[in-house]
Amino acid sequence: MTKLYFRIAVAMLLCVSVFVSCNSNNNDQAKSSAMLDTVSLSGKSFALAYQDGNKIVATSIDTMKQISFGGATDPSISPDGNKLAYTVSDSTGNRSIWVADMENKSQLQLHADSKNYYGAIWSAYGVRIAFSVLNEKSIWKIGLIKNDNTGFIILDGKSNISVSSPTWKSANEIVAHDLNNLYTFNNAGKIIDTKQLKDLIGTNYNIASDNIFFYADQGKTLIFSAYFGAGVPELHGKANAVFAMDVISKVIKQISPVGLHVSNLFVTADDRVFFSGSEKPFTQSRIYASDLKGKIKILVDKGTNPTATLK
């Protein structure tokens, strides 16, 4: 494994602090403001965003240009690297999604008819954003909104099916699961395909709500995370790992290294696999990048929750 460690160039570091004031009675009234230094962000290219403790870091691939956001989670960088979506939590536990424009330094809150929505994920070309949203029946659904903050809908909004961990299967299709089934939605909000997970990946892989499924290689490969193998005493259960399944043959191979406990997984629309994970004693997580064949390198020596742009 080739190790490529990110080095922080302090002279080039751009710091952003996000301070949020939320009204617990009306999430739409939450306010967010960013304070940047005097160095302009214009023309700078960001390729990766990740979580580092209680802050989000967005960086160029060579780490020479960086910004950081405090008080935010769930980073999601747009495919062109110009915008960053993130989750803000208020003192009552409500969550909302904000989008920062890293060119003009502006921020806005996504319009969703809910006090609890989080985990933004951009479509392949940044036209739409999908996310998890709690509806009026307290059922977890998938929210969908255009990148201009209009056209919000809840997918399959009238059913009692609760789904988690949305990803984009194509420019117009979204997948999410309910622990037992993997659903495909069109962008009008209807379920157009349902696959039982036990038939899709077998029964040796244990799925939790935050495990996630990505289609890659023009739909020929399914990349997913799952709990697998023998129990690990330090984890009080099985380790989480990243797998690739050939959709036709259903042959599954493990992509993440044996002994690594994976915390987050992200796959770009151009089929690069990013994940964070830790080795014994499971106290510090690194960020890794891989191709579909499992050729891995370390990108960041301390971080979680990676998300990346198109090349």
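Let's start with one residue. R95 is partly exposed, with a relative accessible area of 23%. Partly exposed sits between buried, under 20% relative accessible area, and exposed, over 50%, using a 1.4 Å probe and protein chains only. R95 belongs to strand 9, residues 95-101. Strands here are DSSP runs of E, at least two residues long, numbered from the N terminus. R95 and G119 are 24 residues apart in sequence, and 9.6 Å apart in space, C-alpha to C-alpha.

A word on the basis. This is a predicted model, where local features need pLDDT of at least 70, side-chain atom pairs count only at pLDDT 80 or more, and totals for chains, interfaces and linings use all residues. Residues are numbered from 1 along each chain as its sequence is written, and side-chain values use heavy atoms, with hydrogens and water left out.

Four strands form an open sheet, in the order 15-16-17-18, with antiparallel pairing. Which strands stand at the edges? Strand 15 (164-170) and strand 18 (191-196) do; each has a single partner strand, so one side of each is left without a neighbour in the sheet. Two strands count as paired if DSSP finds at least two bridges between them. Strand 15 and strand 16, residues 173-177, run antiparallel and are joined by four bridges. T167 stands opposite V175 in strand 16.

Next, a hairpin. Strand 25, residues 286-290, pairs with strand 26 in the antiparallel sense, over four bridges. I287 has V300 of strand 26 as its bridge partner. Five residues lie between the two strands of this hairpin, and G294 in the turn has a positive phi of about 95°. Is strand 26 enclosed or open? Four of its five residues are buried, so strand 26 is largely enclosed by the rest of the structure.

On to the core. A nonpolar core is a set of buried Ala, Val, Leu, Ile, Met, Phe, Trp, Tyr and Cys residues joined through side-chain atoms within 4.5 Å. The largest one has 29 residues, and F214, I223, V242, L265, V273 and F275 touch the most other members. Several strands give two or more residues to this core, among them strand 13 (140-146), strand 21 (237-246) and strand 26 (296-300). Strand 23 gives the largest share, four residues. There is a second, separate core of 15 residues, including L182, Y205, Y215 and F243.

Finally, the pockets. A pocket is an open set of points on a 1 Å grid where a 1.4 Å probe fits, with protein on both sides within 12 Å along at least five of seven lines; lining residues have an atom within 4 Å of a point. Volume is the space filled by probe spheres set on the points.

The largest pocket holds about 640 Å³. It is lined by 29 residues, and S165, D210, I212, N264 and N305 lie nearest its centre. Which strand supplies the largest share of that lining? Strand 23, with five residues.

The second largest pocket has a volume of about 450 Å³. Its lining has 28 residues, and A124, W168, V267, T268 and A269 are the closest to its centre. Strand 15 gives the most to this lining, with four residues.
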